[in-house]
Amino acid sequence: MELGAVNYVAIAVLALMGLYVLSLIYNNFRAAGVTDRGIQAEIAYLRERVDRIKAAREFDKQKNELSWNGVRKFRVERKNPENKDICSFYLRPHDERPLPPFEPGQYLTFKLNLPSGKKVTTRCYSLSDSPKSEYYRVSIKRNPPPKDPAKADVGKSSSNYFHDHVNEGDILDVQAPNGDFFLDMHRQTPVVLIGGGIGITPVLSMLNAIVESGSKRETWFFLGVRNSAEHVFREHLERLDRENENVHVRIVYSKPDDNDEQGRDYHLEGRVGADLFREVLPSNNYDYYFCGPPPMMESLFHGLREWDVPESRIHFEAFGPATVKSKKTADTEDGAAAPVSGSGFKLKFTRSEKELVWDGSADTILEFAEANDIDMDSGCRAGACGTCITAVLAGEVNYATEPSADVDKGSCLTCISVPKTDMELDA
Ligand SMILES: NC(=O)C1=CN([C@@H]2O[C@H](COP(=O)(O)OP(=O)(O)OC[C@H]3O[C@@H](n4cnc5c(N)ncnc54)[C@H](OP(=O)(O)O)[C@@H]3O)[C@@H](O)[C@H]2O)C=CC1
């Protein structure tokens with residue numbers, strides 16, 4: 001929750017008053033020849049709080065002044081292959097005005113004109129570097145073709161479009177950074193950051209932000225990949241580990257190649273999960289942030305819960321699997337059950353002139369529509385960007401997670417909802 005300016009001022013004033021009173025007490029002790037470590041610690045703590053409040057205020061101020069509504073033109077300044085499947089794009093604002101800061105872990109939303117698309121396609125990609133005033137960076141993995149060759153249409157794949165068609169000097173339409181999965185940079189509590197495959201992107205942004213801020217926060221960084229061919233940002237991670245006492249990078253290969261050598265290329269063999277943390281981490285007392293393939297996110301969530309990590313300390317990318325999100329909803333304090341959908345509801349898609357029966361096989365209305373060749377817009381697929389908003393002409397939905405995008409009355413976000421009744425949708 002963001003604090004209003006008035007609240008910041010009130011807290012800062014109270015903290016300063018506390019600081020003042022403690023200094024008076026401390027000076028009295030000093031005058032009496034007594035030094036009290038407890039009082040010094042209190043003063044240091046209050047000083048740190050004031051600094052944090054000031055930093056948070058400055059962040060909000062810059063964000064409000066420099067952010068933008070709708071799309072802004074960005075020029076691709078540099079296109080840098082990280083390996084054969086992953087490419088980083090460095091983006092600079094075409095208007096050359098400074099960029100607003102973002103929270104490490106957030107993503108950018110792109111409006112793309114794909115070669116075979118009739119209309120604009122919306123796609124979200126995590127920012128993979130720390131907040132910088134000059135450029136934003138996204139690192140994108142090329143989507144493999146679907147197993148069914150009949151469904152292969154590279155012209156409709158936004159990741160393939162980036163790899164094959166977006167070049168240095170090109171201009172892209174970009175919405176401001178967004179997203180609820182981010183690291184609170186104003187805290188100093190120890191963290192474990194975990195990336196699986198290309199899921200490294202948001203947690204790498206967090207790691208870079210910690211290091212660049214000069215924070216001494218204890219930070220463990222686990223990267224799970226198959227082997228050295230997938231081991232991206234290798235030199236960068238080795239350098240951060242070497243140069244920062246508080247940073248501990250652990251590379252985990254699930255299927256090392258014959259030429260890969262433990263100790264030289266990677267630290268541990270196997271999969272990143274709670275069993276490995278029990279061996280490597282001094283305790284379970286951390287905040288955990290993770291992003292990766294859906295099975296990894298699910299097993300991490302359950303493994304950490306079984307290791308008695310409170311749910312409030314488990315944070316994962318909202319683009320993650322619906323099953324993890326439903327579990328989180330089901331575990332809410334009031335014990336509310338995760339929203340479920342029965343099967344057998346009739347779904348009428350008026351524009352597409354299709355009437356179908358919801359069989360419960362899809363996680364969301366969006367997935368159900370896509371499986372039935374109904375054209376629907378989508379972006380983040382996590383209820384955050386609002387691209388999939390669709391008018392509900394009749395009926396009601398249940399949400400798997402609380403939408404973070406605004407939803408007008410009479411509409412729904414199809415990417416995170418399931419039917420609660422028979423429905424008629426304007427799609
Ligand atoms: N911002 C976001 O939300 C982003 C999300 N992503 C997500 O990240 C995913 C990463 O994809 P990709 O690079 O293809 O990942 P990969 O399929 O290449 O998997 C990466 C690693 O994760 C391991 N893994 C698989 N299952 C588990 C498990 N249950 N527990 C532990 N480790 C496991 C794999 O091991 P093994 O060899 O044993 O399979 C492999 O070593 C994407 O599918 C996307 O969903 C990616 C980028 C950004």
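How many helices and strands does the secondary structure of the chain come to? The chain has nine helices and 19 strands, where helices (H or I, at least four residues) and strands (E, at least two) are DSSP runs numbered from the N terminus. The model is predicted: local features need pLDDT of at least 70, side-chain atom pairs count only at pLDDT 80 or more, and totals for chains, interfaces and linings use all residues. Residues are numbered from 1 along each chain as its sequence is written.

Of the 427 residues of the chain, 34% count as buried. A residue is buried if 20 or more other C-beta atoms lie within 10 Å of its own, exposed if 12 or fewer, and partly exposed in between, with C-beta atoms placed from the backbone. Among contacts in the chain with a separation of 6 or more, 65% join residues 24 or more positions apart; two residues are in contact if their C-beta atoms, placed from the backbone, lie within 7 Å.

The domain assignment gives domain 1 (23–66), domain 2 (72–145 + 155–178), domain 3 (191–317) and domain 4 (345–425). Such bounds come from an automatic or database domain assignment. Taken over C-alpha atoms, the centres of domain 1 and domain 2 are separated by 41 Å. Four residues of domain 1 are in contact with four residues of domain 2. On the domain 1 side there are two nonpolar, one polar and one charged residues; Ala, Val, Leu, Ile, Met, Phe, Trp, Tyr, Cys and Pro count as nonpolar, Asp, Glu, Lys and Arg as charged, and the others, Gly among them, as polar.

Next comes the ligand. It is surrounded by 25 residues, of which the closest are Gly197, Gly199, Ser254, Arg271 and Phe319; a residue is near a molecule if its C-beta atom, placed from the backbone, lies within 6 Å of it. The shell around the ligand has 10 nonpolar, 10 polar and five charged residues. At least two residues of this shell come from each of α4 (200–213), β8 (219–225) and α7 (294–306), and α7 gives the most, with three residues. Because domain 2 and domain 3 both give residues to the shell, the ligand lies between them.

The largest nonpolar core has 90 residues, and those with the most contacts inside it are Leu108, Leu193, Ile194, Val203 and Tyr289. A nonpolar core is a set of buried Ala, Val, Leu, Ile, Met, Phe, Trp, Tyr and Cys residues joined through C-beta atoms within 7 Å. The largest share of this core, seven residues, comes from α4. Not counting residues up to four places away in sequence, Leu108 touches residues including Cys124, Tyr136, Val174 and Pro177.

The loop between β2 (86–93) and β3 (107–112) holds proline 101 and glutamate 96. Proline 101 is buried because 21 other C-beta atoms lie within 10 Å. Leaving aside neighbours within four places in sequence, proline 101 is in contact with Phe59, Gln62, Lys63 and Pro131. Glutamate 96 is exposed, with 8 other C-beta atoms within 10 Å, and has a positive phi of about 60° although it is not a glycine.

Aspartate 308, in the loop between α7 and β12 (314–316), also has a positive phi, about 65°, and is not a glycine. Aspartate 308 is exposed, with 7 other C-beta atoms within 10 Å.
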